[in-house]
Amino acid sequence: QYAAIESVKVMETSSFRLSVNSFAIQDSVDVMTPEYGNKFLVVNVTFENTHPQAADIALSSWEFTLQDDSYVFDSPPVSKQLERQIADDFTLGGGESITGDFIYEISDETRPFSIYYYDFINDYKMYLSPPPNNTI
């Protein structure tokens, strides 16, 4: 069923590039545990400031929601609790980049996944295919 959905691993806007380095479904992440029956989708990403005038850009992790294919599930990442997570709010100077994790809480029905971003002009969607041999 998911074979027709390609993994688009890069999202490009007029001011930044978001690249997915890896993603995995986990029962827990360090000291964090999801609500009963849920799991975490851990998405390691790199943000690069590609603004043409090398201007600073301010972003919030809450702007990058996880959606399922039916648009029923729409959730921001779990608020920053671990050093490896992307901060809830962050600024990138011209040419700067950061790497870290978005951690989303998901249920068994949340599939396939896509990361959604809206910048008041365009909608951007990055599809993530389920990991191989995914059994949840």
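In which loop is Asp 30 found?

Author: The model is a predicted one. Asp 30 is found in the loop that runs between β2 (16–26) and β3 (39–49). Its relative accessibility is 54%, so Asp 30 counts as exposed, the cut-off for that word being over 50%. The backbone of Asp 30 has a phi near 50°, which is a positive value in a residue other than glycine. Most residues other than glycine have a negative phi.

Asp 30 also takes part in a contact with Leu 82. The place of Leu 82 is in another stretch, the loop between β6 (74–75) and β7 (89–92). Leu 82 has a relative accessible area of 10% and is therefore buried, since buried means under 20%. Apart from neighbours within four places in sequence, the residues in contact with Leu 82 are Val 29, Asp 30, Val 31, Met 32 and Ile 103. Take Val 29 from that list: Val 29 and Leu 82 are 53 residues apart in sequence, while their C-alpha atoms are 9.1 Å apart in space.

A positive phi is also found at Ala 54, a residue other than glycine, where the value is near 55°. Ala 54 sits in the loop between β3 and β4 (57–60). With 48% relative accessibility, Ala 54 counts as partly exposed, because that class lies between the limits of 20% and 50%.

Note on methods. Residues are numbered from 1 along each chain as its sequence is written. This is a predicted model: local features need pLDDT of at least 70, side-chain atom pairs count only at pLDDT 80 or more; totals for chains, interfaces and linings use all residues. Side-chain values use heavy atoms; hydrogens and water are left out. Helices (H or I, at least four residues) and strands (E, at least two) are DSSP runs, numbered from the N terminus. Buried means under 20% relative accessible area, exposed over 50%, partly exposed in between (1.4 Å probe, protein chains only). Contact means heavy atoms within 4.5 Å.
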